[in-house]
Amino acid sequence: MSEASSYNAFYTILKRDLILAFRTRTEMVNPLLFFIIVISLFPLAVSPDPKVLQSLAPGVIWVAALLATLLSLDSMFRSDFDDGALEQMLLSVHPVSVLVLGKVLAHWLVTGIPLLILAPLLAVLMHMPSDSIPALMATLALGGPILSLVGAIGVALTVGLRRGGVLLSLLILPLYIPVLIFAANAVSNAAAGLAIAGQLYFLGALLALALTLTPVATAAALRISLR
Amino acid sequence: MWLFFHKLGSPRYFYTLSGKFLPWFGGLTLILMLLGSYWGLVIAPADYQQGDSYRIIYIHVPAAWMSLFVYIVMASAGAIGLIWKMKMADVVASCSAPLGAAFTILALVTGSLWGKPMWGTYWVWDARLTSELILLFLYLGFMGLEAAIDDKRTAANACAVLALVGVVNIPIIHYSVEWWNTLHQGSTVARMDKPAMDVNMLIPLLIMWLAFMFYYGTSLFMRVRNEVLQRERDTAWVKELVTE
């Protein structure tokens with residue numbers, strides 16, 4: 001019975017956050033535009049030469065995805081914190097980590113999936129060989145949720161602060177480094193025709209670790225921030 | 001043992017006890033540092049490949065060890081503060097952060113000074129250098145978060161969560177970076193068989209490491225005592241101490 005109700009709580013939070021996101025569509029689009037603009041700056045700043053762009057592409061797309069996620073993270077708990085809904089969630093009978101997981105999943109569906117869908121388009125803009133596009137999609141599918149999960153800890157720690165944004169990047173970006181390394185490396189390897197299974201397995205392992213541990217840390221951080 | 005642990009949690013007890021230890025720690029730091037520097041810089045033989053420039057390891061290696069050690073102390077103190085709500089553990093964690101960051105910077109600076117004549121460049125994107133740099137970012141994030149939260153208790157708990165997340169992440173970061181790119185030489189001291197170092201070079205290194213440990217202890221105690229006086233300024237014993 002209690003398991004079923006926890007699941008219901010998870011599902012309700014997920015549905016609520018998706019509806020909220022859908023009703024504020026413009027906010028949802030901003031990180032995506034940021035993602036596209038940052039990437040289109042590189043040919044302008046570095047060189048429009050396809051060879052140069054090709055070698056930069058995996059790193060540039062991944063760094064841009066990282067920054068776009070970072071930008072969108074702030075909205076994860078902000079409005080709930082401002083209107084008091086977050087306090088009610090902490091007071092509810094359900095484990096906070098389950099509710100957090102629902103919110104994180106909603107965040108990934110709203111920001112991670114559009115990034116995933118846009119990525120092939122940007123890969124073409126960056127002259128990436130078409131063989132490496134499935135690898136890019138795979139790394140974004142595995143790595144994107146990690147970014148949302150780990151980011152949630154940082155947002156939970158800084159949600160009560162007035163100027164949390166810059167601090168958030170200082171807290172979270174170092175923790176993103178393993179994901180960045182493995183994902184960008186997998187995409188480069190795919191472009192060079194090398195095997196990428198190892199990197200994908202590693203990303204999968206990181207995802208499993210993040211999925212199990214970060215909701216607990218986020219819940220603890222929320223309890224501290226809302227004291 | 002448990003009684004001692006509980007007593008240590010009382011700021012007043014810690015203050016008097018650390019006051020007794022402080023001169024000893026300071027004296028030992030001074031003696032060990034002088035001994036280690038003299039041994040390392042004058043007595044120890046020059047390296048057959050690197051000549052005299054290798055002598056920077058007597059600062060570099062202990063600093064690098066300390067940068068990790070202090071992070072572990074910080075995270076453990078944070079965990080103790082989070083679990084048992086010990087005030088002193090929070091103070092130890094927050095006072096350790098700037099010291100750890102300083103050790104990290106020292107390791108990075110001495111490393112790059114050594115790298116110029118040896119590798120021909122101040123900085124390479126090598127695994128160990130990069131993970132040391134990331135460690136510095138983790139320290140700075142910790143200090144930034146602490147400075148951003150007004151309430152000391154909340155700040156300490158939030159930082160403790162951050163430090164614990166960092167502790168889980170440090171091995172992952174370290175291995176992913178190592179796997180990514182490596183130029184730095186392998187470990188020469190912590191081997192199962194004989195260390196790959198001349199004993200005459202190793203002993204001053206270990207002496208310097210002890211000196212760094214005592215230096216950390218000394219400055220940690222000084223910082224903690226200062227912080228305790230500030231936090232407990234409204235209590236009777238501090239007022240008594242000041243008016244004395």
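I take helices (H or I, at least four residues) and strands (E, at least two) as DSSP runs, numbered from the N terminus.

**Entry 1: the model.** I note that this is a predicted model, in which local features need pLDDT of at least 70, side-chain atom pairs count only at pLDDT 80 or more, and totals for chains, interfaces and linings use all residues. Residues are numbered from 1 along each chain as its sequence is written, and chains are lettered from A and ligands numbered from 1 in the order in which they are written.

**Entry 2: chain B.** I looked up the elements of chain B and found eight helices and zero strands. The C-alpha atoms of chain B fill a box of roughly 60 × 40 × 30 Å along the principal axes.

**Entry 3: chain A against chain B.** I counted two residues as in contact if their C-beta atoms, placed from the backbone, lie within 7 Å. By this rule, 20 residues of chain A touch 22 residues of chain B. On the chain A side, α7 (132–158), α8 (164–191) and α9 (197–225) each give two or more residues. I record α8(A) as giving the most, with 10 residues.

**Entry 4: α2 and α3 of chain A.** I fitted axes as lines to C-alpha atoms over the stretch in contact, with angles from 0 to 180 degrees between N-to-C directions. Helix α2 (residues 25–45) of chain A packs on helix α3 (residues 50–73) of chain A at about 150°, with the axes 9 Å apart. The two helices are therefore roughly antiparallel, a term for angles over 145 degrees. Among the residues that meet are A:F34 and A:F35 in α2(A), and A:V60 and A:I61 in α3(A).

Conventions. Angles under 35 degrees count as roughly parallel, over 145 as roughly antiparallel, 65 to 115 as roughly perpendicular and the rest as oblique.
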